[in-house]
Amino acid sequence: MSNKVHLGHTARKRFGQNFLTDSNVINRIVGAISPDNDHVMVEIGPGLAALTEPVAESIDKLTVVELDKDLVERLQTHPFLKDKLEIHQGDALKFDFMQLVEEGKQMKVFGNLPYNISTPLMFHLFEFAEHIENMHFMLQKEVVLRLSAAPGTKAYGRLTVMAQYFCQVMPVLEVPPGCFTPPPKVDSAVIRLVPYKEKPYPCKDVDLLRHLCTTAFNMRRKTLRNNLKQLLSDDDFGALGIDASMRPEQITVQQYVAMANHLADKRQA
Ligand code: SAM
C-alpha cells in the first residue's frame, strides 16, 4: 500500500516524515507528556496529528510549529483541532521560542522529530531552557543512548556532556520501525529532558564548554593530555585534580565543566 493511499498524504523524505501509527505507543507518549493547561504546550512537527489530537483533547490550547505547508493547511481545516491550535508555519530550528513565553507559565515541548534536525533542534531549545519545564522527543534510538550515556561507555560523548549539562535525561520507551508509516530504517526511542532550574555544575562560558568537549572528543582513543594540549597544560590538570592520561569518555560532566571554568579563568587573568 502506498503511503498516500494509507495516510491521504505523501510522506516527504526531505522533511523527515515518518508518521506514528501505533495507538499503544501514541498513548504511552501522551501519558509521558502529561498535557495540562498550566503549561504552554508546544509541539514540533505535528504532521498528521498523531500526537496532536490526543494531546489537544485534554487541553484548551496547543501551539505547533510545522514546516510543511500542506500539513499546515490540513491542520488549519481540521474539524476538531482548528479552534485549539496556534499554528506557526516554518522551521523550528529558526523559531524564536521566546515569543511563546507566557507570564507565570513554563513550556512543555514535545515532538516526533525529523532525525536530520534532532540534534541542532535540541541545542536550539537549550537556549530557552529556563522557560521549559520538560521536553519529550522521539529520536533515533542511537541518539537516545548517547544522550543518556554514563561516563566510561562507548555512547558517552560531546552530545552526552552538553545535554546532561543543561538537563536531566531519562529514556522513556523504545519504538520499533513498524510503529511508523513509512517505517524508518533505524530503531527509535523517546527521551525526556528536564532542564535544571539550578544547574548542578554551573559553567561560566557555555561556548567554551562546547569548544572543550568538541576538542576533547575529537580523537576518542587518545588521552585528554593529547587532545587538549592546545588548551590545558599538565599544571592545569594537576590544579584540577584530573588525570590527564584518561580518555575523553572517562571524564564526568562535572569535570568537563571544571576544565571549562578553569580555562575561562585563565583567559580572564
Ligand atoms: N508528529 C507526527 C507524527 O508523530 O506522526 C509527524 C512526525 S514526522 C517524524 C516529523 C514532522 O516534522 C513532519 O510533520 C515534518 O513535516 C515536520 N518537520 C520537518 N522538519 C521540520 C522543521 N525544520 N521544523 C518544523 N517541522 C519540521
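Trainee: Where does asparagine 18 lie?

Mentor: Asparagine 18 is in the loop between α1 (3-7) and β1. Helices (H or I, at least four residues) and strands (E, at least two) are DSSP runs, numbered from the N terminus. This is a predicted model, with pLDDT of at least 70 needed for local features and 80 or more for side-chain atom pairs, while totals for chains, interfaces and linings use all residues. Residues are numbered from 1 along each chain as its sequence is written, and side-chain values use heavy atoms, without hydrogens or water.

Trainee: What does the side chain of asparagine 18 reach?

Mentor: The backbone oxygen of proline 182, at 2.8 Å. That is a polar contact: N or O atoms within 3.5 Å, within protein one able to donate a hydrogen and the other to accept it, with residues adjacent in sequence counted only if both atoms are side-chain atoms. Beyond its neighbours within four places in sequence, asparagine 18 is in contact (heavy atoms within 4.5 Å) with residues including Asn112, Phe180, Thr181 and Pro184.

Trainee: Which peptide bond is cis?

Mentor: First the background: most peptide bonds are trans, and most residues other than glycine have a negative phi. Here, a cis bond joins threonine 181 and proline 182, with omega about -15°. Proline 182 belongs to the loop between β8 (180-181) and β9 (188-195).

Trainee: Which residue other than glycine has a positive phi?

Mentor: Serine 34, with phi near 50°. Serine 34 sits in the loop between α2 (23-33) and β2 (40-44).

Trainee: Which residues come nearest to the ligand?

Mentor: Near means a heavy atom within 4 Å. Of the 22 residues around the ligand, Leu20, Gly45, Glu66, Asp91 and Asn112 come nearest. By class, that shell has eleven nonpolar, seven polar and four charged residues. Gly counts as polar here, and Pro and Tyr as nonpolar.
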